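Please open the structure in your viewer and keep the sequence beside it.

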Amino acid sequence: MNAEERARRVRLLILDVDGVLTDGGLYFDAQGRVSKRFNVQDGLGIKMAQTAGLEFAIITGLDSPAVAARAKELGITEYHPGQVKKAPIIREICRSRELDLSQLAYLGDDWVDAAPLRLVGLPMAVANAQPEIKELAVWTSQVAGGHGAAREAIRFILTAQGAYEPLWRQWLNDE
């Protein structure tokens with residue numbers, strides 16, 4: 001099955017954070033607090049896709065108040081911080097939401113994402129992912145993580161499902 005056929009089945013997109021929703025940089029202030037940069041186009045893509053019925057989850061190895069705030073702002077309730085072992089969380093999401101693994105996509109960039117990519121129906125990588133991660137992916141973005149890669153993945157999924165063009169047409173007539 002090719003990437004587009006797999007994308008047609010996707011009901012939930014799981015996102016890593018550092019290197020996917022952010023550029024992977026950790027910005028420390030003098031007090032040791034971390035801040036992160038998120039791409040606004042990724043955020044609009046998530047909100048747009050939610051109106052089309054695509055659901056989202058975030059599983060991240062770090063536990064950051066900035067990420068918790070961003071997840072809340074985007075309406076992502078399936079938020080799992082501080083999780084280096086992500087596969088058990090993914091299996092639990094499937095059980096609780098009554099989804100099959102083939103209905104999940106995962107967008108990752110580094111070794112911590114290897115097991116999830118091997119588990120889901122549509123494994124996806126950002127353009128600047130580690131080579132081993134790109135090998136596991138059936139779809140890879142053209143742009144780097146934190147620079148619209150999530151939006152690109154969302155566009156791919158929604159286009160395969162025939163939902164992208166109708167969403168775009170709604171924005172042409174925002175009266």
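How many helices and strands does the protein have? It has eight helices and eight strands; helices (H or I, at least four residues) and strands (E, at least two) are DSSP runs, numbered from the N terminus. This is a predicted model, in which local features need pLDDT of at least 70 and side-chain atom pairs count only at pLDDT 80 or more, while totals for chains, interfaces and linings use all residues. Residues are numbered from 1 along each chain as its sequence is written, and side-chain values use heavy atoms, with hydrogens and water left out.

**The whole chain**

Display the C-alpha trace, which spans about 45 × 40 × 30 Å along its principal axes. Of the 175 residues, 48% are buried, where buried means under 20% relative accessible area, exposed over 50% and partly exposed in between (1.4 Å probe, protein chains only).

**The sheet**

Next, colour the strands. Six of them form an open sheet in the order β5-β4-β1-β6-β7-β8, with parallel pairing; two strands pair if DSSP finds at least two bridges between them. Strands β5 (78-80) and β8 (139-140) stand at the edges with a single partner strand each, so one side of each has no neighbour in the sheet.

Axes are lines fitted to C-alpha atoms, for helices over the stretch in contact, and angles run from 0 to 180 degrees between N-to-C directions. Then select helix α4 (residues 87-97), which lies across β1, β4, β5 and β6 and runs at about 150 degrees to β4.

**Strand β1**

Select residues 12-15, which form β1. Which way do the side chains point? Leu12 and Ile14 point one way, Leu13 and Leu15 the other way, and all are buried. Strand β1 pairs in the parallel sense with β4 (residues 55-59) over four bridges, and Ile14 stands opposite Ala57. Four bridges also join β1 to the parallel strand β6 (residues 104-108), where Leu104 stands opposite Leu12.

**Thr22**

Finally, move to Thr22, in the loop between β1 and β2 (27-28). Is Thr22 buried or exposed? Thr22 counts as buried because its relative accessibility is 0%. Leaving aside neighbours within four places in sequence, Thr22 is in contact with Val17, Lys36, Arg37, Phe38, Gly145 and Gly146.

Technical notes. Contact = heavy atoms within 4.5 Å.
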